[in-house]
Amino acid sequence: MYIDFHNHLDFYTNETIDKAINIINNEKIKTIACSMDEKSYVKNLEISNKSKYIIPIFGIHPWNVDKGKYNLENLEKYIKTTPLIGEVGLDFHWVEDKSTYENQIRVFKYFLECAKKYNKYINVHTKGAEELVLDLIKKYDVSNQTIIHWYSGDRDNLLKLIDLKCYFTASVDLYSNIKTIEIIKEIPVSKLLAETDGPTALQWVNDVYGMPNEIKSVYKYICKVKDVDLEAFKFSCKENLIKITNSI
Ligand SMILES: [Zn+2]
């Protein structure tokens with residue numbers, strides 16, 4: 001079984017979503033559908049009605065924290081029902097408007113608090129804010145239930161996150177990005193997961209609209225970089241999925 005630990009199914013267009021769901025169903029790809037905000041979560045819940053392989057999860061992406069002036073207490077109902085939390089985190093790289101950073105941190109701290117309180121894993125975006133994410137997951141004592149999404153920061157913080165027993169998802173730039181390959185080489189296979197990050201990620205990397213079966217290539221390249229057998233890696237991911245979705 002292939003498992004996509006970080007997809008954005010709500011990013012598929014009206015013209016492509018049915019094809020994407022068919023691929024997921026035909027190829028039996030367990031797919032964690034991350035959300036960007038409440039609206040995105042509602043859409044992912046709807047999409048998940050068409051497939052038993054889709055696991056919709058709730059989070060507010062750092063890009064979207066300012067779009068809703070969130071009263072965080074109102075989000076508790078979603079936290080209680082989501083099997084894990086995501087996508088949440090910080091982005092000080094792509095988000096150039098520094099006036100949003102304070103609110104990003106406020107929202108991220110709320111999710112960290114919830115992850116601890118409800119004993120749930122948390123799928124974390126760290127772009128340009130790796131050091132602060134590291135400090136915060138330590139402070140909230142959730143590092144061993146943290147999944148770092150598509151890490152691209154420096155080696156020093158990477159090694160610290162590995163020491164803290166975080167999980168990591170490798171994504172679709174693993175085929176060609178030498179820095180990503182070096183990062184993946186450092187991560188123990190037991191803490192390594194695979195993701196596609198939705199249709200637009202592959203488009204960003206090499207101008208191809210990504211469909212869910214792209215996950216097979218990610219697995220293939222992880223196995224190549226880590227020199228591990230495909231079946232052994234599939235088994236490891238399956239064990240991790242059980243841990244991650246059943247709570248700890
Ligand atoms: Zn994402």
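This is a predicted model: local features need pLDDT of at least 70, side-chain atom pairs count only at pLDDT 80 or more; totals for chains, interfaces and linings use all residues.
Let's start with the largest pocket, which has a volume of about 580 Å³. It is lined by 24 residues, and the closest to its centre are Trp94, His149, Trp150, Asp197 and Trp204. By type, the lining splits into nine nonpolar, nine polar and six charged residues. Helices α7 (178-186) and α8 (199-206) each put at least two residues into that lining, and α8 gives the most, with four.

Now for the rings. Searching the whole structure turns up twelve aromatic pairs. Take Tyr41 and Tyr78: their ring centres sit 5.5 Å apart with the planes at 80 degrees, so this pair counts as edge-to-face. It links distant parts of the chain, since Tyr41 belongs to helix α2 (residues 38-48) and Tyr78 to helix α3 (residues 76-81), 37 residues apart. Both Tyr41 and Tyr78 are buried. Tyr151 and Phe168 make another edge-to-face pair, because their planes are at 85 degrees, with centres 6.4 Å apart. Tyr151 is in the loop between β6 and α6 while Phe168 is in strand β7 (residues 167-170), so this pair ties together parts 17 residues apart in sequence.

Finally, look at helix α5 (residues 130-139), where Glu130, Val133, Leu134, Leu136 and Ile137 are buried. Residues three or four places apart in an α-helix point the same way, because there are 3.6 residues a turn. The cover over the buried residues of α5 includes α4 (101-118), β5 (122-125), β6 (146-149) and α6 (155-163). Just after α5, Asp141 adopts a positive phi of about 60 degrees.

How values were computed:
Residues are numbered from 1 along each chain as its sequence is written. Side-chain values use heavy atoms; hydrogens and water are left out. Buried means under 20% relative accessible area, exposed over 50%, partly exposed in between (1.4 Å probe, protein chains only). Contact means heavy atoms within 4.5 Å. On a 1 Å grid over the protein atoms alone, a cavity is a set of points where a 1.4 Å probe fits but cannot get out, and a pocket is an open set with protein on both sides within 12 Å along at least five of seven lines; lining residues have an atom within 4 Å of a point. Grid points are joined across faces, edges and corners, and a volume is the space filled by probe spheres set on the points. Ala, Val, Leu, Ile, Met, Phe, Trp, Tyr, Cys and Pro count as nonpolar, Asp, Glu, Lys and Arg as charged, and the others, Gly among them, as polar. Rings of Phe, Tyr and Trp (its six-membered ring) pair if their centres lie within 6.5 Å; planes under 30 degrees apart count as stacked, over 60 as edge-to-face and the rest as tilted.
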